[in-house]
Amino acid sequence: MKEVYVVYWSSTGNTQAMAEAVGEGINEAGGKANVVEVAAADANALKKADTFALGASAMGAEELDGEMDAFVAEVEAFANGKTIGLFGSYDWGDGEWMRTWVSRMEEAGATVVNGEGTIANLAPDDDAVAACKALGAALVK
């Protein structure tokens, strides 16, 4: 059984709901999801994994929260060759923060699942939840 880490930061609970849906998709596809808030996450565990997911909501001028950004910087150091699923929610803008995040991970040598992140405007609707579950399933393959 493949264990897949899902590390997230959420300010309002929207990205947490997305993380839980990614975890459900992992479990439904026969994997074992380990869903954890970034404050409790250990980057060393991700170093050993070939596949994992990261989630965060957009903050400020369409950027990652400082705590998640610091964690992502750690991941960049060992992202080469990893397959990463990215997801998150936002309230304004057009998703530029996710496009920037995808580019950042690709420049570090990672493969981003589907070549893009999974995003939701505010609370994830049924389509966003389904997309998160599909992302989880793709991480098990």
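Where is Asn 114 found? The answer is in point 5, which names the loop between strand E7 (111-112) and strand E8 (118-121).

1. Basis of the model. This is a predicted model, in which local features need pLDDT of at least 70 and side-chain atom pairs count only at pLDDT 80 or more, while totals for chains, interfaces and linings use all residues. Residues are numbered from 1 along each chain as its sequence is written, and side-chain values use heavy atoms, with hydrogens and water left out. Helices (H or I, at least four residues) and strands (E, at least two) are DSSP runs, numbered from the N terminus.

2. The main core. The largest nonpolar core has 31 residues. A nonpolar core here is a set of buried Ala, Val, Leu, Ile, Met, Phe, Trp, Tyr and Cys residues joined through side-chain atoms within 4.5 Å. Buried means under 20% relative accessible area, exposed means over 50%, and partly exposed lies in between (1.4 Å probe, protein chains only). Leu 54, Val 75 and Trp 101 have the most contacts inside this core. Two or more residues each come from strand E1 (3-9), helix H2 (43-48), strand E3 (51-56), H3, strand E6 (83-90) and H4. H4 gives the most, with 5 residues. A second, separate core has 17 residues, including Tyr 8, Ala 120, Cys 132 and Leu 139. As background, nonpolar side chains in soluble globular proteins tend to be buried together.

3. Leu 54 and Leu 64. Contact means heavy atoms within 4.5 Å. Residues up to four places away in sequence are not counted for Leu 54, which touches Val 7, Leu 46, Met 68, Phe 71, Val 72, Val 75, Ile 84, Gly 85, Leu 86, Phe 87 and Trp 101. Leu 64 is in strand E5 (residues 63-64). Its relative accessibility is 13%, so Leu 64 counts as buried. With residues up to four places away again not counted, Leu 64 touches Ala 56, Met 59, Asp 69, Val 72, Trp 97, Trp 101 and Arg 104. The C-alpha atoms of Leu 64 and Thr 100 are separated by 9.8 Å, and these residues are 36 residues apart along the chain.

4. Two helix pairs. Axes are lines fitted to C-alpha atoms, for helices over the stretch in contact, and angles run from 0 to 180 degrees between N-to-C directions. Angles under 35 degrees count as roughly parallel, over 145 as roughly antiparallel, 65 to 115 as roughly perpendicular and the rest as oblique. Helix H3 (residues 66-76) packs with helix H4 (residues 96-107) at an angle of about 25°, their axes 10 Å apart. H3 is therefore roughly parallel to H4. The crossing of H3 and H4 is right-handed; that label means the near helix is turned clockwise from the far one by less than a right angle, and left-handed means anticlockwise. Met 68, Asp 69, Val 72, Ala 73, Val 75 and Glu 76 in H3 meet Trp 101, Arg 104 and Met 105 in H4. By class, this contact of H3 with H4 has 6 nonpolar, no polar and 3 charged residues. Ala, Val, Leu, Ile, Met, Phe, Trp, Tyr, Cys and Pro count as nonpolar, Asp, Glu, Lys and Arg as charged, and the others, Gly among them, as polar.
   The axes of helix H1 (residues 14-28) and helix H5 (residues 126-140) come within 7 Å and cross at roughly 45°. H1 and H5 are therefore oblique to each other. H1 passes H5 in a right-handed crossing. The contact of H1 with H5 has 10 nonpolar, 2 polar and 3 charged residues.

5. Positive phi. Asn 114 is in the loop between E7 and E8. Asn 114 has a positive phi of about 65° although it is not a glycine. Its relative accessibility is 66%, so Asn 114 counts as exposed. Leu 122 also has a positive phi of about 65° without being a glycine. Leu 122 is in the loop between E8 and H5. At 39% relative accessibility, Leu 122 counts as partly exposed.

6. Two further asparagines. Asn 14 is in helix H1 and, at 18% relative accessibility, counts as buried. Neighbours within four places in sequence aside, Asn 14 is in contact with Ser 89, Leu 122, Ala 123 and Pro 124. Asn 34 is in strand E2 (residues 32-37) and is partly exposed, with a relative accessible area of 25%.
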